[in-house]
Amino acid sequence: RKGRAKQQRTGQSFRKTVVTATESAFANVKQFRALQRLLTRADLPLLAAELLYIAAGAAILVALVASIAGAPALVTLVLMAMAGSGPVVWVAMRASKRIKAFDNQLADLLITIAASLKAGHSFRHAIQSVVDEGAEPAAKEFRRVLTETRLGRPMDEALGEMADRVGSKNLSFVLNAVTIQRQIGGSLAGLFDMVAETVRQRQQFARKIRSLTAMGRMSAYVLGGLPFAMSILISLISPTYMSPLWHTSTGHEMVIAALVMLAIGGVILRKIVSFKG
């Protein structure tokens with residue numbers, strides 16, 4: 001047991017050293033900082049270096065399996081790219097889901113704060129009511145704001161840091177309005193009522209736009225997935241027919257050109273069906 005515990009401590013120490021060295025080496029890289037911000041928004045207790053090593057490990061594992069299975073080099077590269085990007089895509093989806101959950105709670109939170117202010121409570125007590133009565137993830141973020149203010153950080157700075165950490169545009173809009181109102185004076189309760197109504201209208205408008213563009217998004221999904229589905233289906237039905245595409249240099253060039261054109265088309269379709277209000 002002592003030997004096993006010592007090995008575990010040695011392994012953890014080595015992992016910590018490697019992760020710390022990677023963090024120091026890439027600390028000033030813009031993409032690396034963006035990846036760490038994405039992890040923060042997803043509320044995952046990971047460092048950007050750890051996520052990179054997980055992605056690299058997944059890509060290497062898939063490459064080994066594909067090599068043992070005798071897959072063509074092009075297929076192996078595609079599988080490695082998909083496996084390597086998989087963890088990052090999952091973190092991005094989790095972060096997007098968390099931001100959407102926060103946005104859905106925002107209007108009700110503002111109404112709660114306004115009601116607390118109308119009852120004569122202070123702004124800090126109004127935020128405490130959100131922490132006590134709100135749901136996750138909003139309650140957790142506002143709890144962190146209160147903790148930072150108790151440690152001596154100004155309220156405006158703590159709220160601004162929360163806006164950067166959460167990544168919600170609606171929250172940034174609300175906090176900018178609150179900061180200006182706190183500096184120039186005035187009724188915060190009335191401001192929260194007005195901003196809550198504005199946020200609710202923005203959300204209703206975004207849902208309306210999403211429903212109107214649903215058919216366009218579905219068309220984009222079908223057009224993007226149809227080539228992959230057809231290539232897999234034909235490869236299973238007639239492997240000899242698709243063999244030149246997978247096992248010749250000309251076929252590899254055609255596949256790369258098709259993937260590039262699909263990527264460009266996907267970006268164009270996304271621009272058509274997306275709307276940023």
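This is a guided tour of the structure above, stop by stop, with a note on what to select at each one.

The model is predicted, so local features are described only where pLDDT is at least 70 and side-chain atom pairs count only at pLDDT 80 or more, while totals for chains, interfaces and linings use all residues. Residues are numbered from 1 along each chain as its sequence is written, and side-chain values use heavy atoms, with hydrogens and water left out.

Select residues 73-118, which make up helix 4; helices here are DSSP runs of H or I with at least four residues, strands are runs of E with at least two, and both are numbered from the N terminus. Within helix 4 you will find Leu74, and with a relative accessible area of 12% Leu74 is buried. Buried means under 20% relative accessible area, exposed means over 50%, and partly exposed is what lies in between, using a 1.4 Å probe and protein chains only. If you set aside residues up to four places away in sequence, Leu74 touches His252, Val255 and Ile256, where contact means heavy atoms within 4.5 Å.

Move along helix 4 to Gln105, which is buried because its relative accessible area is 17%. Not counting residues up to four places away in sequence, Gln105 touches Ala135, Glu136, Pro137 and Ala138.

Pro137 sits in the loop between helix 5 and helix 6. Now go to Asp43, in the loop between helix 2 (30-41) and helix 3 (48-69), where phi is near 60 degrees, a positive value in a residue other than glycine. Most residues other than glycine have a negative phi, and most peptide bonds are trans. Asp43 counts as partly exposed because its relative accessibility is 31%.

**Stop three: helix 5 and its neighbours**

Select residues 123-133, which form helix 5, and colour Phe123, Ala126, Ile127, Ser129, Val130 and Val131, which are buried. Which helices do the buried residues of helix 5 pack against? They pack against helix 4, helix 6 (138-150), helix 7 (155-166), helix 8 (169-184) and helix 9 (188-212).

**Stop four: aromatic rings**

A search of the whole structure finds three aromatic pairs. In one of them, the rings of Phe123 and Phe192 have their centres 6.0 Å apart and their planes at 20 degrees, so the pair is stacked. Rings of Phe, Tyr and Trp (its six-membered ring) pair if their centres lie within 6.5 Å, and planes under 30 degrees apart count as stacked, over 60 as edge-to-face and the rest as tilted. The pair links distant parts of the chain, with Phe123 in helix 5 and Phe192 in helix 9, 69 residues apart, and both Phe123 and Phe192 are buried.

**Stop five: the largest cavity**

A cavity is a set of points, on a 1 Å grid over the protein atoms alone, where a 1.4 Å probe fits but cannot get out, whereas a pocket is an open set with protein on both sides within 12 Å along at least five of seven lines; lining residues have an atom within 4 Å of a point. Helix 4 and helix 8 are the elements that give two or more residues to this lining. The space in the largest cavity is about 70 Å³.

Helix 4, helix 10 (214-237), helix 11 (239-247) and helix 12 each supply at least two residues of the lining, and the largest share, six residues, comes from helix 11.

Finish at Leu262, in helix 12 (residues 249-273), which is partly exposed because its relative accessible area is 29%. Leaving aside neighbours within four places in sequence, Leu262 is in contact with Leu223, Pro227 and Phe228. Looking back to the first stop, Leu74 and Leu262 are 188 residues apart in sequence and 17 Å apart in space, C-alpha to C-alpha.

Definitions and conventions. Grid points are joined across faces, edges and corners, and a volume is the space filled by probe spheres set on the points.
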